[in-house]
Amino acid sequence: MCVYYSIMPQIPSNMRKFFRWYVLLVLVILSLALLSAILHEDRQGKLKFVVLDVGQGDSLFIESPTGTQVIVDGGPDRALMKEISTVMPWYDRHIDMLIVTNPDQDHYSGFIPLLDKYSVDVVLEPGTFNKNEAYAVFENKIKSKNIPRLIAIRGEIVDLGGGAFLEIFFPDRDISGLSPNDGSIVMRLAYGKTSVMLQGDSTANIENYLVGLDGKRLQSTILKAGHHGSKTSSIEEYVAAIDPQWTVISSGTDNSYGHPHKETIETMDKLKIPTYDTCNNGSIIFESDGNQFVLKNKNPKEAIVGCKE
């Protein structure tokens, strides 16, 4: 205010009224920004789970009831940078954990520019390898920022706060010799009576293995389908064991792979599971109060073979 009064005498009288209104407008804008920040921090005991629309790739955003933020996979390119601004406030430049479910480019590339703009506490990885030069760039960026790297292992629990947690189902051994898809991290996000099964590009081989190992313990409210809805994942026995209320798929419009495949859609139809894809819904947003998930998208469209427009 001292600055305001010191410059007032220097302003012509016919402009002083305008100047006062200008200062008032700035104060109102700052107040609204502060109010927006306060309202965002009040999560009302809810967990947010978002399948981000990053095209032909995977990227998931998780925010616990206490504000812990996790991004599972970074998508194929800079699309993550645009999408992250829709789920995190402009002033928040910190992410608690990044998870790379497998080291294929459509799962980590978006993390490279992200690390230039956001601080990250820890990176969780499956333990498989990729000799791609871009992955070396990603690894070097993690190293240069002194971010700890952890290897996922079955039975590990990641406490997200407020009663929310991630439980690792796979890998359950050293999987350094497996393909990136077979070695994908399979984990469940849980909060109260609600849960989401997440599996990167995990294949039918691993799904069969987990059905034999865990059976009905796989049951979850939401299934994030493996490998963008490919027929190499989402076998009927596995989906039936999970028995989800919804299935969600991340794939790009008119993608060259034909994802999601006919076989996957037919499995979901047979089991009467509503299935939604990012390619025709944009980001898919769920909120849980610990008792039930609520799908926030208005008039969501059912997934179709090949993500055709």
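The exercises below, each with a worked solution, walk through parts of one predicted model.

Residues are numbered from 1 along each chain as its sequence is written.

**Exercise 1. Confidence**

Find the average pLDDT of the protein, and find what the model has for residues 1–7.

Solution. Begin with the term itself: pLDDT is the predictor's confidence in each residue, from 0 to 100. The protein averages a pLDDT of 91, and 88% of the residues score at least 70. Next, turn to residues 1–7, over which pLDDT stays under 50 and for which the model has 4 contacts beyond four places in sequence, a contact being heavy atoms within 4.5 Å. Where pLDDT is low, the predicted coordinates should not be read in detail.

**Exercise 2. The neighbours of strand β5**

Determine which strands pair with β5, and in which sense, parallel or antiparallel, they run.

Solution. Helices (H or I, at least four residues) and strands (E, at least two) are DSSP runs, numbered from the N terminus, and two strands pair if DSSP finds at least two bridges between them. First, locate β5 at residues 119–125, where 5 of its 7 residues are buried; buried means under 20% relative accessible area, exposed over 50%, and partly exposed in between, with a 1.4 Å probe and protein chains only. Second, look to strand β4 (residues 94–99), which pairs with β5 in the parallel sense over 5 bridges, and in which M97 has V122 of β5 as its bridge partner. Third, look to strand β6 (residues 149–151), which runs parallel to β5 and is joined to it by 3 bridges, with I151 of β6 as the bridge partner of E125. Finally, follow the chain from β5 through helix α6 (residues 133–144) to β6, a β-α-β crossover that is right-handed: with the strands pointing away from the viewer, the path from the first strand over the helix to the second runs clockwise.

**Exercise 3. The two faces of β14**

Sort the residues of strand β14 into a covered and an uncovered face, and then name the strands joined to β14.

Solution. Start from the rule that in a regular strand the side chains alternate between the two faces of the sheet. In β14 (residues 284–288), I284, F286 and S288 make up the covered face, whereas I285 and E287 make up the uncovered one. Strand β1 (residues 47–51) runs antiparallel to β14 and is joined to it by 5 bridges, with V51 opposite I284. Strand β15 is also antiparallel to β14, through 3 bridges, and here S288 stands opposite F293. The strands β14 and β15 form a hairpin with 4 residues between them, and G290 in the turn has a positive phi of about 100°.

**Exercise 4. The buried side of helix α7**

Explain why the buried residues of α7 line one face of the helix.

Solution. An α-helix has 3.6 residues a turn, so residues three or four places apart point the same way. In α7 (residues 204–214), the buried residues are A204, I206, E207, L210 and D214. Seen down the axis of α7, these buried residues fall within an arc of 160°, so they line one face of the helix, where the arc is that of the directions from the helix axis to the C-beta atoms. The face turned away from this buried side carries the exposed residues N205 and G212, while the buried residues pack against β8, β9 and α8 (236–242).

Conventions:
This is a predicted model: local features need pLDDT of at least 70, side-chain atom pairs count only at pLDDT 80 or more; totals for chains, interfaces and linings use all residues. Side-chain values use heavy atoms; hydrogens and water are left out.
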